[in-house]
Amino acid sequence: MAEGQTLQVGFETQGQAVVVSPQGEIGYSEATVFRTWLRKAHDSKSPRIVVDLAKVDYMNTPGVATLVESLQISKRNKTRLILAGMNEKVFAIFKIARLDTVFEIAPTLADALAKQ
Amino acid sequence: MTHPTLKPDAHIRVELLSNPTYTSGMKDLVHAVAKRLGFAELDCGHIALAVDEALCNIMTHGYEQRMDQPIWLSLWPLDPDGGKPGIKIVIEDRAKQIEPEKIRGRELQDVKPGGLGVHVIREVMDEVVYEKRDGGGMRLTMIKHSPAHCAGGPVVGGKGCHG
């Protein structure tokens with residue numbers, strides 16, 4: 001882990017979905033690590049990628065930008081990207097950036113996996 | 001001796017290097033101070049986010065990811081004796097100067113990575129002013145008023161009090 005980075009990222013396959021589960025803060029320093037795991041998820045060619053943000057207590061715009069980049073890759077690959085479990089503070093930055101309607105968002109990981 | 005860039009009357013003055021390792025600590029410091037000054041939790045989070053975004057912008061765009069350059073943060077409580085919270089934060093650097101009117105976030109309809117930091121700062125703070133510093137670098141002044149201070153006050157930049 002590089003100096004200053006506190007992000008840990010879980011990565012697993014659940015059925016047809018790949019679940020990426022970051023834990024901690026996603027700020028300037030951690031966005032690069034986060035991007036690496038999201039790229040790995042896209043490389044898996046799974047039809048559904050769920051990013052479980054339940055254990056992310058803070059995100060700034062470099063973190064959001066990483067997810068926007070991931071959304072663009074999803075659209076290119078015709079795969080589905082779902083953000084799950086955002087707390088109020090993290091959701092607020094998506095609202096401020098008016099991205100809350102751009103992403104597919106589910107209240108929980110279970111909801112994201114159950115989505116038709 | 002006071003460093004010439006640090007404001008002598010500021011209640012908090014910090015000099016840090018342009019190393020991303022320190023942004024989280026600065027964010028937490030400002031959050032804690034805002035809380036002590038009486039801001040609600042949501043506002044504390046917004047003020048801390050604005051500082052974090054400002055530091056990220058300086059490190060990324062101003063100093064182009066060089067990690068050994070100076071950044072100065074000064075903080076004042078507004079109306080400290082009046083019992084109503086307000087906060088003024090000034091962040092200065094010695095990075096390349098750009099015209100303040102050119103500092104703007106991207107159009108939000110244009111969904112792409114990056115360009116969101118300035119938009120977020122203007123959205124969450126009541127007053128936001130970018131200036132060129134004498135002798136090089138930029139100065140960002142951000143003010144957040146408590147709701148009690150918002151009636152009829154001047155708004156220099158940012159979204160104003162009730163947005």
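## Strand β2 of chain A and its neighbours

In this predicted model, β2(A) and β4(A) run parallel and are joined by 3 bridges. Within this pairing, A:I26 stands opposite A:M59 of β4(A). Strand β2(A) also pairs with β3(A), which spans residues 48-52, again in the parallel sense and over 4 bridges. Here A:A17 has A:R48 of β3(A) as its bridge partner.

A further partner of β2(A) is strand β1(A), residues 8-14, and this pair runs antiparallel with 7 bridges. A:A17 turns up here too, as the bridge partner of A:Q14. The two strands make a hairpin with 2 residues between them, and A:G15 in the turn has a positive phi of about 65°. With these pairings in view, how many of the 10 residues of β2(A) are buried? The count is 8, so the strand, which covers residues 17-26, is largely enclosed by the rest of the structure.

If you follow the chain from β2(A), you can trace a β-α-β unit: β2(A), helix α1(A) (residues 31-43) and β3(A) together make one that is right-handed. The loop between α1 and β3 of chain A is also the place of A:K45. This lysine is worth a look in the backbone: A:K45 is not a glycine, yet its phi is positive, about 65°. As background, most residues other than glycine have a negative phi. With a relative accessibility of 62%, A:K45 counts as exposed, because the cut-off for that class is over 50%.

Another lysine shows a positive phi as well. A:K78, also not a glycine, has a phi of about 55°, and its position is in the loop between α2 and β5 of chain A. Is A:K78 buried or exposed? Its relative accessibility is 76%, so A:K78 counts as exposed.

## Helix α3 of chain A

Helix α3(A) runs from residue 88 to residue 96, and its buried residues are A:V90, A:A92, A:I93, A:F94 and A:I96. What do they pack against? Within chain A, the partners are β4 (56-59), α2 (61-77) and β5 (80-84). The packing also takes in chain B, through its α2 (41-62) and α3 (117-124).

At the start of α3(A), a side-chain oxygen of A:N87 comes within 3.0 Å of the backbone nitrogen of A:K89. After the helix comes A:R98, with a positive phi near 55°.

## Where chain A meets chain B

In it, 21 residues of chain A are in contact with 25 residues of chain B. The two chains bury about 1,900 Å² between them, and 63% of this area is on carbon and sulfur atoms.

Polar links are present too: 8 residue pairs are in polar contact between chain A and chain B, counting pairs with both residues at pLDDT 80 or more. The count of salt bridges between the chains is 1. It joins A:E25 to B:K27, with the closest N and O atoms 3.1 Å apart. Which elements of chain A supply at least two residues each to the side that touches chain B? They are β4, α2 and α3. Of the elements of chain A, α2(A) gives the most to this side, with 7 residues.

## Chain B and its helix α3

Chain B has 3 helices and 5 strands, in the sequence pattern β-α-α-β-β-α-β-β. Of its 163 residues, 52% count as buried. Among contacts in chain B with a separation of 6 or more, 62% are between residues 24 or more positions apart.

Helix α3(B) is mostly covered, with 6 of its 8 residues buried. These are B:G117, B:V118, B:H119, B:V120, B:I121 and B:V124. On the chain A side, the buried residues of α3(B) pack against α2 and α3. Within chain B, their partners are α2, β4 (127-132) and β5 (138-145). The link with α3(A) can be read from the other helix as well, as the buried residues of α3(A) pack against α3 of chain B among other elements.

Terms used: Residues numbered from 1 in each chain as written. Chains lettered and ligands numbered in written order. Predicted model: local features only at pLDDT ≥ 70, side-chain atom pairs only at ≥ 80, totals over all residues. Heavy atoms only, no water. Buried < 20%, exposed > 50% of the residue type's maximum accessible area, 1.4 Å probe, protein only. Contact = heavy atoms within 4.5 Å. Polar contact = N/O pair within 3.5 Å; in protein donor to acceptor, adjacent residues only side chain to side chain. Pairing = 2+ DSSP bridges. Right-handed = clockwise from strand over helix to strand, strands pointing away. Buried area = accessible area lost by both parts, 1.4 Å probe. Salt bridge = Lys/Arg side-chain N within 4 Å of Asp/Glu carboxyl O.
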